[in-house]
Amino acid sequence: MPRPSFFQAYKAPIAVMLALALALGGLAYRRLNVALFPEVTFPKVKVIADVGLAPTDRVMVTVTKPLEDAMKQVPGLRLLRSTTSRGSCEISAFLNWGVDVVQAQQLIESRLNQARGNLPANISISVERMNPAILPVMGYTLEAPGRSPLELRRLALFTIKPFISQVEGVAAVQVQGGRTKEYLVELIPNQLAALGLGPDDVQTALNNTNFVQSNGYLADYRRLYLTVTDATIQQKEDLENVVLRNDNRRVVRLADVATVSIGEQPEYTRINANGHDAVLISVQRQPAANVVEVSAGVAAKVRALRAGLPKGITLEPYYDQADFVSEVVRSVQDSLWIGLALALVVTALFLRSWRASLTLVLTLPVALALTLAVLYFGLGYSLNIMTLGALAAAIGLMIDDAVVMVEQLHRVGEEHPGATPGEVVQRSVRHLLPSLVGSSLSTIVIFLPFALLGGVAGAYFKVLATTMVVALICSFFVAWLGLPVVYLLLSKQPKAARPGAPANDDFGPLDAPADATTVAADDSLELATGPAAPSAPLRGAPPPKPRTTTFRGCARSFATRPTAWWASWGSLGSWRSSSRGWPLAFCPRWTRAPLCSTTIRRPAPASTKPTGCCAAPKP
């Protein structure tokens with residue numbers, strides 16, 4: 001009994017592994033984060049300091065210079081770049097690639113806290129590291145023609161912003177535009193002089209108001225009461241009643257020495273939408289959040305919020321990052337379906353085999369699922385423009401590997417119809433494996449230089465190159481191990497030979513008559529050198545004739561010793577001719593083998609005696 005091939009012996013375990021890869025790929029696709037850019041943290045930390053309306057030269061001396069001196073002590077720092085303007089400064093710290101940016105940010109914050117003693121008292125400092133998550137993923141415009149900008153900003157701050165912040169994955173909601181209400185206090189010099197007060201007294205009184213303070217507990221009849229001092233200013237009258245002085249003779253209020261009016265805080269950025277003032281609302285996501293899910297959640301909240309907005313106020317989106325990502329995902333899906341459809345058309349048109357077409361349909365999703373599983377469970381990547389672009393380019397190579405292997409299996413099966421499916425698979429894989437390995441390696445080598453790139457380009461293209469390499473490796477293993485197993489599962493075992501029928505060798509056509517030396521034409525396309533030992537003659541048959549070679553069946557191309565050669569002619573059939581170029585027989589490819597048997601004598605072909613379906617003229 002012949003020993004089963006590797007694919008026959010391990011057909012069931014490999015099939016289980018393919019099903020497991022398909023399941024893991026589906027799970028990874030559901031869990032993969034979707035973003036516009038890869039999750040790359042750039043080695044850059046930005047520090048922004050605000051000191052009100054201090055002049056630029058003063059900010060340079062009292063804020064920018066001390067902050068730079070403190071940040072220079074952080075290890076791994078490559079470059080400092082600062083921009084100073086009226087009341088604020090912005091410092092960018094560029095670090096070396098490979099430095100832990102999170103640790104560097106903590107060290108910078110620690111150094112800045114140590115330097116706070118040398119900074120102005122009213123300074124506010126924020127420290128942020130640069131990554132794609134700081135970019136807004138959605139933007140809305142709040143418009144209300146005929147309404148006050150004060151009302152629009154107040155609605156955005158106290159109604160819309162808290163509502164959108166409830167969405168899972170939202171990190172921050174920024175409001176830009178509109179106007180902020182402020183109170184204008186205009187002092188009356190004569191009144192101040194008559195009451196013995198100065199501007200400093202008014203400023204001190206205003207600084208000590210507009211607060212909420214807890215005064216502790218009061219115990220009374222076994223109960224505790226929390227006492228709170230509420231000095232907040234809600235309206236104009238509250239500000240006018242602020243007490244400037246109380247000397248038991250007279251209570252001096254702000255309205256006695258100043259005129260209070262309501263105004264708008266100066267804005268240096270003007271925002272218009274559709275030709276009139278508007279308020280912009282930007283949504284930022286958390287670093288590990290899914291852009292598509294965040295966008296869907298915010299859109300659902302906005303739809304619920306529109307029902308409660310006052311009449312005449314509209315909240316419409318002007319930017320949605322999920323649209324770009326969804327478009328890229330759709331393009332990859334289109335590439336997959338179009339490539340799969342074209343592969344099916346090619347296999348159905350040229351191979352005319354439902355088994356070959358079904359093998360492609362079942363194999364390509366496994367290769368793509370295995371790639372997604374490695375990207376998620378092994379590398380922790382997300383679906384972004386770089387990984388999706390690599391997958392879109394790799395789908396064509398996956399289809400190419402699968403089609404080449406399917407064509408080889410189909411070809412060997414047609415050329416050797418009597419062979420078992422296991423023998424066909426073993427023969428095809430042994431013949432095609434070196435070419436498949438070389439093809440995959442030659443493509444993988446192209447992407448290795450991307451690993452040497454540095455900077456921002458290197459950070460992005462490393463993700464693309466890694467995804468491409470993973471896809472090619474997964475495609476190779478599926479085409480090498482998975483596709484032959486699928487072909488075996490879809491193949492039928494050959495029927496047992498009839499009693500008395502000629503025997504069939506492991507690979508090749510039926511055996512030749514016993515009175516001739518037979519060399520079976522196989523896929524190596526080379527006849528054996530020299531005649532083989534003649535078989536024992538049948539009873540009553542004439543003795544074997546010397547120096548004869550019997551050709552049976554049709555092949556694409558065949559090369560022999562100086563006696564004869566077979567030249568392929570397209571996919572229609574094969575011409576057989578002698579060494580002098582005389583045509584001996586033409587075998588149609590669509591005819592089922594065995595087709596014919598042609599015997600050629602050496603050294604000079606005196607005559608030709610064809611048998612079977614082919615007829616050959618005498619030379």
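**Basis of the entries.** I am working on a predicted model, in which local features need pLDDT of at least 70 and side-chain atom pairs count only at pLDDT 80 or more, while totals for chains, interfaces and linings use all residues. I count residues from 1 along each chain as its sequence is written, and side-chain values use heavy atoms, with hydrogens and water left out.

**Strand β14.** I then followed β14 (residues 276–285) itself and noted that eight of its ten residues are buried, buried meaning under 20% relative accessible area, exposed over 50%, and partly exposed in between (1.4 Å probe, protein chains only). Ala 273 stands opposite His 276 in β14, and in the hairpin of β13 and β14, which has two residues between the strands, I found Asn 274 with a positive phi near 60 degrees.

**The four-stranded sheet.** I next traced an open sheet of four strands, with the order β2-β3-β1-β4 and antiparallel pairing. β2 (77–85) and β4 (124–129) stand at the edges with a single partner strand each, so one side of each is left without a neighbour in the sheet. Neighbouring strands of this sheet are turned by 15 degrees against each other on average, direction ignored; for such angles, axes are lines fitted to C-alpha atoms, for helices over the stretch in contact, and values run from 0 to 180 degrees between N-to-C directions. Between β2 and β3 (residues 88–95), which run antiparallel, I found eight bridges, and Ser 82 stands opposite Ile 91 in β3.

**Helices on that sheet.** I noted that helix α3 (residues 56–71) packs on the sheet and touches β1 (44–50), β2, β3 and β4, its direction making about 165 degrees with that of β2; contact means heavy atoms within 4.5 Å. Helix α4 (residues 101–114) also packs on the sheet, touching β1, β3 and β4, and its direction makes about 165 degrees with that of β4.

Asn 210 has a positive phi of about 60 degrees although it is not a glycine; Asn 210 is found in the loop between α7 (199–207) and β8 (212–219), and is partly exposed, with a relative accessible area of 47%. Arg 222, not a glycine either, has a positive phi of about 60 degrees; Arg 222 lies in the loop between β8 and β9 (224–230) and counts as exposed at 91% relative accessibility.

**Cysteines.** Last, I searched the whole structure for disulfides and found zero, a disulfide being a pair of cysteine sulfur atoms within 2.5 Å. Cys 89 counts as buried at 2% relative accessibility, and Cys 474 counts as buried at 6%.

Methods:
Two strands pair if DSSP finds at least two bridges between them.
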